[in-house]
Amino acid sequence: MFKILKYSFYDLMRSRWSYVYFLFYLALGFVLLFLNNDVSKAVITLMNVIIVLVPLIGTIFGVMYFYNSKEFTELLLALPIKRSSIFTGQYLGVAGSLTLSLVMGLGIPFIAYGLFRSNAIWDFSLLLVVGAFLTLIFTALSFNIALSNENKIKGFGYAVLLWLFFAVIYDGLFLLSLIIFEDYPLDKYSLVATMLNPVDLSRTLILLKLDISALMGYTGAVFKSFFGTRSGFFISIFMLILWTLIPLYNLIRKANKKDF
Amino acid sequence: MIKIEDLHKKFGRNQVLSGTNLSIKSPGIYAVLGPNGSGKTTLIKCILGMVIPTSGEIEVEGKAVKKNWKYRQEINYLPQIANFPGNLRVFELIAMIKDLRQKPSQDDVLISSFGLAPYLNNKLASLSGGTRQKVNILLAFMFNSPLIILDEPTTGLDPAALISLKKLIQKEKQQGKTILITTHIMQFVEEMADTIIYLLEGKIYFKGTIKELKERTGENNFDHAIATIATNFENV
């Protein structure tokens with residue numbers, strides 16, 4: 001598995017897109033810091049960008065890589081390598097290189113600005129952890145989509161829909177349901193609804209850490225009152241891990257049954 | 001070597017293999033023939049474990065194929081479509097496959113016999129179709145394995161490379177290996193194959209030597225014998 005990971009990773013490190021992604025975050029980091037002049041504010045702005053953009057990039061990149069490496073996968077399948085190793089390796093290669101672009105792209109400007117001397121270091125680290133989780137989750141989901149759809153156009157379509165659903169539509173539906181059922185107690189409902197969307201979950205997690213009640217909204221407030229900041233934090237992290245492992249498990253299960 | 005028992009494979013509603021039985025015991029060159037869509041590639045992919053059979057048993061070198069991957073250590077495979085990660089250079093790909101298989105390889109000999117030396121530093125995406133096929137062949141013959149499976153090996157090769165390929169196959173045969181080839185070029189089959197395996201509608205219609213085939217069909221011309229096999233044979 002580690003060999004496959006190594007080669008997928010190398011392959012991606014040579015591709016232009018990894019650098020574009022890296023340079024984008026580098027530019028974003030520098031611009032935000034030097035326009036805002038405040039690390040904490042920059043972290044909040046970054047959160048808003050990361051929470052929408054990272055899933056999108058993870059999804060698109062994942063689908064693209066999977067389809068592009070189809071022949072390579074077939075080559076590997078004929079070699080004495082376990083199927084689960086091939087797919088886990090490729091998955092970790094993609095997710096790993098995307099995470100690296102994110103962490104380095106944002107890390108460099110923040111370190112240059114003097115992150116280590118600032119109080120925001122933990123907030124910033126959490127932001128990167130959440131970014132990494134979102135990459136892992138959405139890459140795994142996109143691999144699932146690509147594996148079940150031979151047709152590339154369909155695969156891309158579903159992948160973009162998936163992103164749109166979690167980043168935009170889900171919130172709309174959630175809000176709508178809150179308005180419709182406003183006469184009922186909705187604490188538990190909104191808690192569960194937040195857990196079921198990794199994007200919302202990440203947002204709540206960061207806001208809990210930042211402890212900005214003004215930005216937290218209803219769900220954040222419910223989260224905080226229900227769990228308290230500390231256990232809310234750990235439960236969110238646990239849910240993010242589940243969100244990563246379940247698609248990955250499903251990917252391996254499907255890959256073991258598929259004909260190539 | 002290879003034992004296939006009552007193999008069935010369905011893709012959706014499309015029944016590709018229906019009760020295929022095959023046993024290959026002695027080394028030599030076996031040509032798997034049949035019209036388009038007769039299940040040649042599916043059969044080969046079942047042996048390789050790339051396609052998972054609906055039912056039936058396959059054994060390679062005495063080991064069951066199902067849920068196993070170690071037996072592929074004994075197989076060299078040449079896929080029909082030669083497409084590799086475009087970002088890699090040729091020598092990097094060779095090094096990678098060597099690293100993944102961890103077996104001694106004879107890549108140097110093959111690089112010189114197919115004239116690949118000038119391309120070693122090129123990226124795979126920039127190679128022509130024929131050169132890519134040569135790389136494909138190199139990867140398939142690089143290791144010493146008792147079973148070699150070639151899916152359409154002649155695609156895109158120039159005459160010189162074709163001669164090298166034939167020599168290579170003959171050499172492997174002399175070393176006592178089993179070589180399974182699918183192709184649509186009958187001249188190649190006539191020249192190379194010891195045994196013909198003819199697939200039709202997912203069943204093995206005929207298995208025997210070229211001479212036997214000619215006798216059975218009453219045709220002297222090999223091309224015609226193959227063409228009439230499907231129409232004239234009721235039972236084998």
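User: Which residue of β8(B) stands opposite Leu150(B)?

Analyst: Leu150(B) faces Ile181(B) in that strand. This is a predicted model: local features need pLDDT of at least 70 and side-chain atom pairs count only at pLDDT 80 or more, whereas totals for chains, interfaces and linings use all residues. Residues are numbered from 1 along each chain as its sequence is written, while chains are lettered from A and ligands numbered from 1 in the order in which they are written.

User: Why are α3(A) and α7(A) called roughly antiparallel?

Analyst: Angles run from 0 to 180 degrees between N-to-C directions, with axes fitted to C-alpha atoms, for helices over the stretch in contact. Helix α3 (residues 39-68) and helix α7 (residues 152-180) of chain A pack at about 165°, with their axes 10 Å apart. Angles over 145 degrees count as roughly antiparallel (under 35 roughly parallel, 65 to 115 roughly perpendicular, the rest oblique), and the pair is therefore roughly antiparallel.

User: Which residues of α3(A) make the contact?

Analyst: Contact requires C-beta atoms, placed from the backbone, within 7 Å. On α3(A), the residues are Val52(A), Pro55(A), Leu56(A), Thr59(A), Ile60(A), Val63(A) and Tyr67(A); on α7(A), they include Phe156(A) and Trp163(A).

Terms used. Helix = DSSP H or I, 4+ residues; strand = E, 2+ residues; numbered from the N terminus. Contact = placed C-beta atoms within 7 Å. Pairing = 2+ DSSP bridges.
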